[in-house]
Amino acid sequence: MMEVKKEMQVKKAIVGKQTEFRNFPMVPRVVFGKGSFNQLGDILMPKRKHSDAPFIFLVDDVFENTELAKRIPLIFNDQIIFISAEEEPKTVQVDALVDKIKREYQDLPSGIVGIGGGTLLDLAKAVSILLTNNGSSSEYQGWDLVQKPAIFHVGIPTISGTGAEVSRTTVLLGPDKKLGINSDHTTFGQVLLDPDLTQGVSKEQWFYTGMDCYIHCIESLTGTFLNAFSQSYGEKALELCKEVYLGDLPAEESRDKLMMASWHGGMSIAYSQVGVAHAMSYGLGYLLGVKHGIGNCLVFQHLEEFYPEGVDLFNKMKEKHNIKLPTGICANLSEAEFETMISVAMNMVPLWENALGKNWRDIITPEKLESIYRKI
Ligand code: NAD
Ligand code: ZN
């Protein structure tokens, strides 16, 4: 079991406004269960403002022309917008969606429903915020910059791991930074967890996104910000990840457990922070567009000096599922490109402080990071 490195530091755990203790929103309503997607129509009905105020469903385009798409409970002037998760969400994409919805409807929608992985969940969160807050989504990247409540938004994950279904952030690639809109208005008003929806995810993607959850646990549980709140969720999530990736569970039980691991992993970092793998993965994502899940894996495999037990277990999971991570990602980068990645990573100050404490700059230098990036 991971050791608690330092005593409770809850009040320092979160970046942004330096209030004493943060007062967090949580998802107020959640449905869990195989087949619960069939209840979506009933769940949305009381939230319909009137027949001219539609529900807009933002759906991963992997579901276009599938059974699932046919089961979306459309009535009145509701609309499905299929969106590719090929690239992670961008502020320009959010702004374009908001413009489209405002152009097509006189009234504000009754709600936005995101159906997909972290990419679609984050898009749904951001669109719902920007429908009531003026300007571009890039103006809200940061901490507590959102003034007005978002419109009602619902998250329905179809792949487990990111914790985006519970978090109070939506990570966006903007004109000059990759950063979340962290606010009390970001959190979903309703989440529907139907493990059946995660059938059909490829083995590789199941591993990468699931490892996002595993890495959240390791980074939270070994961090200096650790406290009883985060630990309680992190330990449960870690236990579930071990069952899923090292045990031999029947497929259905495995889907159930990974969905709950994702939830607990997300809750664990609410009151703490992530660490080295996430900081460095942001650099890869910003420069090369490497996606969050696989980017975390690419970095994490080389972090044995920071997370010896965590990396050891990661390697066992990788072997068990015969996952081959790509190599040579940073082979042909110029010095300037390394500098960009390193500077993006080093700017994630709270992550480094969580991982290594106040004096992290004694350990983490540009040379140190370059030597790790060169192994990827
Ligand atoms: P994703 O949404 O990018 O999807 C990954 C792939 O899986 C896509 O090709 C998608 O089409 C496919 N997929 C999803 N569900 C499927 C299904 N049921 N069947 C077949 N294919 C399916 O993946 P992700 O790893 O869940 O999300 C990554 C994103 O989440 C990143 O943009 C990252 O920044 C964000 N993120 C957000 C938070 C947060 O708290 N807001 C936390 C972590 C990560
Ligand atoms: Zn993550």
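Where is the place of N322? N322 sits in the loop between α10 and α11 (335-346), and its phi is positive, about 55°, although N322 is not a glycine. Helices here are DSSP runs of H or I with at least four residues, strands are runs of E with at least two, and both are numbered from the N terminus.

A word on the model comes next. The structure is a predicted model, in which local features need pLDDT of at least 70 and side-chain atom pairs count only at pLDDT 80 or more, while totals for chains, interfaces and linings use all residues. Residues are numbered from 1 along each chain as its sequence is written, chains are lettered from A and ligands numbered from 1 in the order in which they are written, and side-chain values use heavy atoms, with hydrogens and water left out.

F76 is found in the loop between α2 (67-70) and β3. With a relative accessible area of 57%, F76 is exposed. On this scale, buried means under 20% relative accessible area, exposed means over 50%, and partly exposed is anything in between (1.4 Å probe, protein chains only).

Now for the ligand. There are 27 residues around ligand 1, and D60, T119, S167, T209 and K291 come nearest; a residue is near if one of its heavy atoms lies within 4 Å. Sorted by type, the shell holds nine nonpolar, 12 polar and six charged residues. In this sorting Ala, Val, Leu, Ile, Met, Phe, Trp, Tyr, Cys and Pro are nonpolar, Asp, Glu, Lys and Arg are charged, and the others, Gly among them, are polar. Two helices, α4 (118-130) and α5 (203-221), each supply at least two residues of the shell, and α4 gives the largest share, with four residues.

Some of these neighbours reach ligand 1 with polar side-chain atoms. The side chain of S167 has an N or O atom 2.6 Å from an oxygen atom of ligand 1. For T209, an N or O atom in the side chain is 2.8 Å from an oxygen atom of ligand 1. K291 also has a polar side-chain atom 2.8 Å from an oxygen atom of ligand 1. On its own, ligand 1 has 860 Å² of accessible area, and the protein covers 90% of that; the areas come from the Shrake-Rupley method with a 1.4 Å probe.

T209 turns up again in the surroundings of S160. S160 lies in the loop between β6 (153-157) and β7, and at 6% relative accessibility S160 counts as buried. Apart from its neighbours within four places in sequence, S160 is in contact (heavy atoms within 4.5 Å) with T198, T209, G210, L258, M259 and S262.

Which helix is largely enclosed by the rest of the structure? That is helix α9 (residues 292-300), because nine of its nine residues are buried. Among them are H292, G293, I294 and F300. The cover over the buried residues of α9 includes α5, α8 (276-288) and α10 (308-320).

On to the strands, where two strands pair if DSSP finds at least two bridges between them. Three strands make an open sheet in the order β5-β8-β7, with mixed pairing. Its edge strands, β5 (142-143) and β7 (171-173), each pair on one side only. β5 runs parallel to strand β8 (residues 178-182), over two bridges, with G142 opposite I181 in β8. β7 and β8, by contrast, run antiparallel and are joined by three bridges, and L172 stands opposite L179 in β8. These two strands form a hairpin with four residues between them. As for cover, five of the five residues of β8 are buried.

Elsewhere, strand β2 (residues 55-60) runs parallel to β3 and is joined to it by five bridges. One bridge pairs L58 with I81 in β3.

How values were computed. Polar contact = N/O pair within 3.5 Å; in protein donor to acceptor, adjacent residues only side chain to side chain.
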